[in-house]
Amino acid sequence: MGTALDISQLKGRAVLAPMAGITDSAFRVICRRHGAALVYSEMLSTEALSRRHRKTLKMAGFREEERPVALQLFGKRPQAYADAVALLEPLAPDFYDLNFGCPAPKIVKNGGGSALLKEPELVGQIAAAAVQASPRPVLAKIRSGWEVGAENAAEIAKILESSGIAAIAVHGRTKSQMFSGTADWAVIGRVKQAVKIPVIGNGDVRSGADAARMAEETGCDLVMVGRAALGNPFLFTEINECLNTEGGRQKAEIAVAWPEKLAVIIQHIEMAVADKGQPRGIREMRKHLGWYIKGIPGAAALHQELMRAETGEEVLGLLEKLHSSMVHHHCGENEQAPE
Ligand SMILES: Cc1cc2nc3c(=O)[nH]c(=O)nc-3n(C[C@H](O)[C@H](O)[C@H](O)COP(=O)(O)O)c2cc1C
């Protein structure tokens with residue numbers, strides 16, 4: 001299927017970026033509940049799928065509540081993409097997404113992810129193979145190019161569009177930049193100028209104000225957020241509000257009270273344990289716990305214990321301690337300092 005993504009079908013304009021090891025079903029549900037208009041899976045290896053690798057197949061699973069959800073694929077052989085789509089079709093995801101941006105050495109060494117930015121012709125073949133195999137829209141995610149001085153995102157985007165890709169997410173960094181420096185949003189604007197299909201801007205959006213500025217400067221249709229959503233899924237609501245409000249840039253950031261955050265953590269734990277059991281589910285979400293409590297008074301002292309927790313009960317016990325230390329801290333601040 002080769003039609004453009006209809007963004008009017010989405011509820012909101014803030015989308016969750018794909019993040020390996022992070023955007024599993026539980027976290028995607030949390031982000032959807034807080035306004036993410038679209039969520040992406042962790043990247044799935046087309047080669048692993050062709051071997052029916054159990055763990056990869058499991059990673060492709062999602063909850064109905066996540067819809068619209070995109071399953072992200074990486075690899076190198078066009079036929080492996082077509083096969084992966086055929087294999088995943090019974091799951092009926094809303095979209096497939098093709099990863100042309102991952103800079104990880106393991107992926108690049110095998111010719112996948114951002115290495116493909118150096119092979120525009122192969123990008124076209126992969127996109128065409130996936131689009132042909134898929135009865136649903138296929139999206140793609142790219143970086144600005146392989147290295148500074150070789151930013152070919154607009155050229156790649158045109159190839160993707162003519163291969164039937166429905167929308168393109170652009171992370172404004174080259175492969176060589178990895179995650180360093182600041183994202184170059186100008187390249188997102190150049191891609192937007194080069195194609196008619198929707199463009200999703202990505203890189204360093206940390207607030208609703210950032211999102212509004214990105215949309216204004218680049219003309220992008222949707223804004224994708226990765227790292228800033230860690231421990232802060234409430235950011236999607238903030239971004240949606242800013243992008244919908246005239247003069248949204250002035251809107252205050254949404255401050256989230258602890259009880260609301262705790263409720264999210266509990267939901268996250270329940271889903272992680274339902275999906276992965278204990279202790280695995282808890283071990284794998286420890287990093288999320290660290291992000292959720294970052295910056296809260298008393299969090300640093302609890303961090304080590306939290307990173308050793310094996311059960312949901314242990315985690316909740318520790319968070320209860322954090323809550324009491326917050327209450328004390330708060331009262332302490334209001335007390336008169338002793339003479
Ligand atoms: C831990 C981590 C894992 C990531 N995994 C993926 C991935 O699997 N697929 C992908 O396309 N991008 C991946 N990315 C890149 C993000 O999708 C996004 O492009 C990047 O983080 C820039 O956006 P941000 O500044 O909002 O974080 C990953 C980023 C991080 C930090």
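**Close-up views of pockets and salt bridges**

Asp210 is buried, at a relative accessible area of 15%. All views show a predicted model.

View 1. Arg213 is partly exposed, with 31% relative accessibility.

**View 2. Glu310 and Arg286 are joined by a salt bridge of 2.9 Å, N to O.** Because Glu310 belongs to the loop between helix H13 (299-306) and helix H14 (312-334) and Arg286 to helix H12, the pair ties together parts 24 residues apart in sequence. Glu310 is partly exposed, its relative accessible area being 26%, whereas Arg286 is buried at 15%.

**View 3. Asp204 forms a salt bridge with Arg173.** Their closest N and O atoms are 2.9 Å apart. Asp204 and Arg173 are both buried.

**View 4. The largest pocket has a volume of about 560 Å³.** Its lining comprises 28 residues, with Pro18, Met19, Lys141, His171 and Phe179 nearest the centre. By class, 16 of the lining residues are nonpolar, 7 polar and 5 charged. Strand E5 (138-145) and strand E8 (222-225) each contribute at least two residues.

**View 5. The second largest pocket holds about 450 Å³ of space.** Of its 19 lining residues, Glu42, Lys58, Met59, Lys276 and Arg280 are closest to the centre. The lining has 12 charged, 4 polar and 3 nonpolar residues, and domain 1 (7-250) and domain 2 (258-332) each supply at least three residues. Lys276 and Arg280 also belong to a salt-bridge network with Asp24 and Glu284.

Definitions and conventions
Residues are numbered from 1 along each chain as its sequence is written. This is a predicted model: local features need pLDDT of at least 70, side-chain atom pairs count only at pLDDT 80 or more; totals for chains, interfaces and linings use all residues. Side-chain values use heavy atoms; hydrogens and water are left out. On a 1 Å grid over the protein atoms alone, a cavity is a set of points where a 1.4 Å probe fits but cannot get out, and a pocket is an open set with protein on both sides within 12 Å along at least five of seven lines; lining residues have an atom within 4 Å of a point. Grid points are joined across faces, edges and corners, and a volume is the space filled by probe spheres set on the points. Helices (H or I, at least four residues) and strands (E, at least two) are DSSP runs, numbered from the N terminus. Ala, Val, Leu, Ile, Met, Phe, Trp, Tyr, Cys and Pro count as nonpolar, Asp, Glu, Lys and Arg as charged, and the others, Gly among them, as polar. Domain bounds come from an automatic or database domain assignment. A salt bridge is a side-chain nitrogen of Lys or Arg within 4 Å of a carboxyl oxygen of Asp or Glu. Buried means under 20% relative accessible area, exposed over 50%, partly exposed in between (1.4 Å probe, protein chains only).
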